[in-house]
Amino acid sequence: MFLRYLLLPLMAATLLTACARDDEAVLRAKLDQWFVVDRLLYFKSATRCTAAMYAVSDSRPRDALDVTYTPDAAKAAFVDGTVAAVRMKGFSPNDLTDAMLLSGQGIFGKDALRAGARAVDCLKGTLTEGYLHVALTRAGAVLAYDRETEGLIVLDHVQGRLFYIAGDV
């Protein structure tokens, strides 16, 4: 009888942990390959979505992330690799996504939009949602997409914030 009372909380904790799509420590380690991740500002991972916001101590990506500067180059990087990143002076991530969709470079843009749409439940009604909107409309912000996790990554170089959003259908 005592064993059952001991095992029930352990089983419940295991089930609750299994309901999360991503683990924060694993996500942080992945993002830290490409960005100088400082402290966690927001994290929520549910069965179908993950949203995270980190402070960064450097407003530039690490050298390990090949950042392209045109939609064509971003498309080539996206097709050839696991992660693709693009930054264009005077263009926000929203502008870049629109430009890629309209110029026939649509796969990167479509996947980025899909990742954002799937993650809505992990952001809805939070301050992070507003900060992400600002980052998506900030000219010069880095837009990246990780094919492995199907995650959209946005680096807001002005506010020193890094966003990661992803979700499943």
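Visitor: Why is Cys 122 called buried?
Guide: Its relative accessibility is 1%, and buried means under 20% (exposed is over 50%, partly exposed in between, with a 1.4 Å probe and protein chains only), so Cys 122 counts as buried. The model is predicted, so local features need pLDDT of at least 70 and side-chain atom pairs 80 or more, while totals for chains, interfaces and linings use all residues. Residues are numbered from 1 along each chain, and side-chain values use heavy atoms, without hydrogens or water.

Visitor: What makes Cys 49 and Cys 122 a disulfide?
Guide: The sulfur atoms must lie within 2.5 Å; here S to S is 2.0 Å, so the pair counts as a disulfide. By this rule there is one disulfide. Cys 49 lies in strand β2 (residues 49-56) and Cys 122 in the loop between α5 and α6, so parts 73 residues apart in sequence are tied together. Strands are DSSP runs of E, at least two residues, and helices are runs of H or I, at least four, numbered from the N terminus.

Visitor: How do you know whether Cys 49 is buried or exposed?
Guide: Cys 49 has 4% relative accessibility, so Cys 49 counts as buried.

Visitor: What makes Glu 150 worth a look?
Guide: Glu 150 has a positive phi of about 55° although it is not a glycine. Most residues other than glycine have a negative phi. Glu 150 sits in the loop between β5 (142-146) and β6 (151-156).
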